[in-house]
Amino acid sequence: MKEIRNIVILTGAGVSAESGIDTFRSAGGLWEQHRVEDVATPEAFERDPELVLRFYDMRRARIQEVEPNAAHQALARLDAEWKGGLLIVTQNVDDLHERAGAGRLLHMHGEHLNAWCLSCDGRHRWYGTLIDRPACPACGIAGRMRPDIVWFGEMPYRMHEIYAALNRADLFVSIGTSGAVYPAAGFVREAREQGVRTLELNLEPSQGSHWFDESRHGPATEIVPAWVDQMLRQQQY
């Protein structure tokens, strides 16, 4: 078996669910409370910006009330102790990976705690509200800030970096994802085409489970720390 040096990890909503962040498809999640067309598309923002800004203001406030869980902490430990290449690609727009201590990380769908100015294209760390149409800290123009979130129909961020990492990887791991949202759902097939080993860690089988070499099922706070312990024990260099 080929030695594992370079790892790419994709994390989804299932990693943060046990911290109290609703997944899109949970009973309390976005799909139940709002149609995606109403709050998570550019067209929705153009049609009813107040609804969209109010929704994301609530989400931004909520993530500041919760804490990283054992899965976030385990991945941060892997980041700190893994001697080879590692990239954590998260679909999540919370900051729980960072707060747990992960550094080799990118947000492909943006971040709740960032705001994007449509006037000057500046992006700013943002902890407060946007419903009151604040001025951009860079250009000073008011009313042009939106959540720095990749909405449906928009291109995810830093895709070239993700595919470059997949091309170098020896192992691709998907954690807490539904396997339904593209392009992230296609990463496992990209990895397999490159001869990369693939592993799924999820509460239950995802829509893409059949693409993985191995799947392990259970709560993220249990199966992720167990997998990280295994990887660090067998680290050979």
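Predicted model: local features only at pLDDT ≥ 70, side-chain atom pairs only at ≥ 80, totals over all residues.
Although R5 and G84 are 79 residues apart along the chain, their C-alpha atoms are separated by 4.8 Å.

The aromatic rings come next. A pair of such rings is described by the distance of the centres and the angle of the planes. The count of aromatic pairs in the model comes to five. One of the pairs joins F45 to W151, with 5.5 Å from centre to centre and 50° between the planes, an arrangement classed as tilted. Because F45 lies in helix α4 (residues 42–47) and W151 in the loop between β6 (145–149) and α8 (159–168), this pair ties together parts of the chain that are 106 residues apart in sequence. F45 is buried at a relative accessible area of 16%, and W151, at 2% relative accessibility, counts as buried too.

The rings of F55 and Y56 have centres 5.0 Å apart and planes at 85°, so this pair is edge-to-face, the class for angles over 60 degrees. Both of these residues, F55 and Y56, are buried. Through ring pairs, F45, F55, Y56 and W151 are linked into a cluster.

Charged side chains also meet aromatic faces in this model. The charged end of R146 sits over the ring of W151, 3.7 Å from its centre, while R123 lies over the face of W116, at 4.2 Å from the ring centre.

Technical notes
Residues numbered from 1 in each chain as written. Heavy atoms only, no water. Phe/Tyr/Trp six-rings, centres within 6.5 Å; stacked < 30°, edge-to-face > 60°. Helix = DSSP H or I, 4+ residues; strand = E, 2+ residues; numbered from the N terminus. Buried < 20%, exposed > 50% of the residue type's maximum accessible area, 1.4 Å probe, protein only. Lys NZ or Arg CZ within 6 Å of the ring centre and 35° of its normal.
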